[in-house]
Amino acid sequence: MVGPARPLFVLFGSSIVQMSYDVGGWGAILADIYSRRADILVRGYFGWNSRRAVNVLDQVFPKDAAVKPSLVIVYFGGNDSMGPHPSGLGPHVPLPEYVENMRKIAIHLKSLSDSTRIIFLSCPPVNEALINGSSSGIFSEIIRTNELCQQYSEACIKLCQEINVPFVDLFTACQRKDDWRNACFTDGIHFSAEGSKVVVEEILKVLREADWKPSLHWKSMPIEFSEDSPYDLVAADGKTTLNPSGWTYFREIQWD
């Protein structure tokens, strides 16, 4: 590791997390927003469901780790919600088991430390027409519907309300955007740059409104090496320097 030590944020989930560092991805946006404030690590696993996640909790989040995460953002549900395959193979997890798996994840993360915070992301909708029209012949029949996505999203939210875990309702948030089926997704499932902006906006809203001490909203966190320096760019008066440590002018969106 390198220093100085910063708060550690971990993104834990399936391909929506693994691919979040693509150009314009929501993980990459968060890493930019939190630059010089927190380190953001990705633990994303393409194709995974909540059952596989539970099996590796002790490896991904060991309780004896020297550094405990300040925040874990968790997403599982899309693969769980896929219709069952007659062979019994595949990522489908029955809804009751999915809920219990997510409960186990929350319990484990809460046990890491009193200061570890958690946000769950619920299952987003999908572009059914695009998914059904783009079969490559590599996979057996894929059953992925918005009816199923909604069931798993609502179950995740209900669990979060029960166990007091903040959440983002991605199923609802994505559908607020005009032409969301085409705007939010690259392949009908995974987030485009526009869809990623929706995810980031909703996560920042949770962080801004959370009653956490210390706050984990980016504007409330200290900036590393933010002191004034004579080596900064010289101001127009020719006598002082301009401290650039908090500048955000270069961002496409000025995030709140």
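Author: A salt bridge is a side-chain nitrogen of Lys or Arg within 4 Å of a carboxyl oxygen of Asp or Glu. This is a predicted model, in which local features need pLDDT of at least 70, side-chain atom pairs count only at pLDDT 80 or more, and totals for chains, interfaces and linings use all residues. Residues are numbered from 1 along each chain as its sequence is written, and side-chain values use heavy atoms, with hydrogens and water left out.

Reader: How many salt bridges does a search of the whole structure find?

Author: The search finds 12. One of them joins the side chains of Arg103 and Glu100 at 3.2 Å, N to O. Both residues lie in helix α5, three residues apart, about one turn of the helix. Helices (H or I, at least four residues) and strands (E, at least two) are DSSP runs, numbered from the N terminus.

Reader: Which parts does the pair Glu97 and Arg51 tie together?

Author: The side chains of Glu97 and Arg51 meet in a salt bridge of 2.7 Å, N to O. Glu97 belongs to helix α5 (residues 95-110) and Arg51 to helix α3 (residues 50-55), so the pair links parts that are 46 residues apart in sequence.

Reader: Is Asn146 buried or exposed?

Author: Buried means under 20% relative accessible area, exposed over 50%, and partly exposed in between (1.4 Å probe, protein chains only). Asn146 has a relative accessible area of 14%, so it is buried. Asn146 sits in helix α7 (residues 146-163). By contrast, Glu97 is partly exposed at 27%, and Arg51 is partly exposed at 35%.
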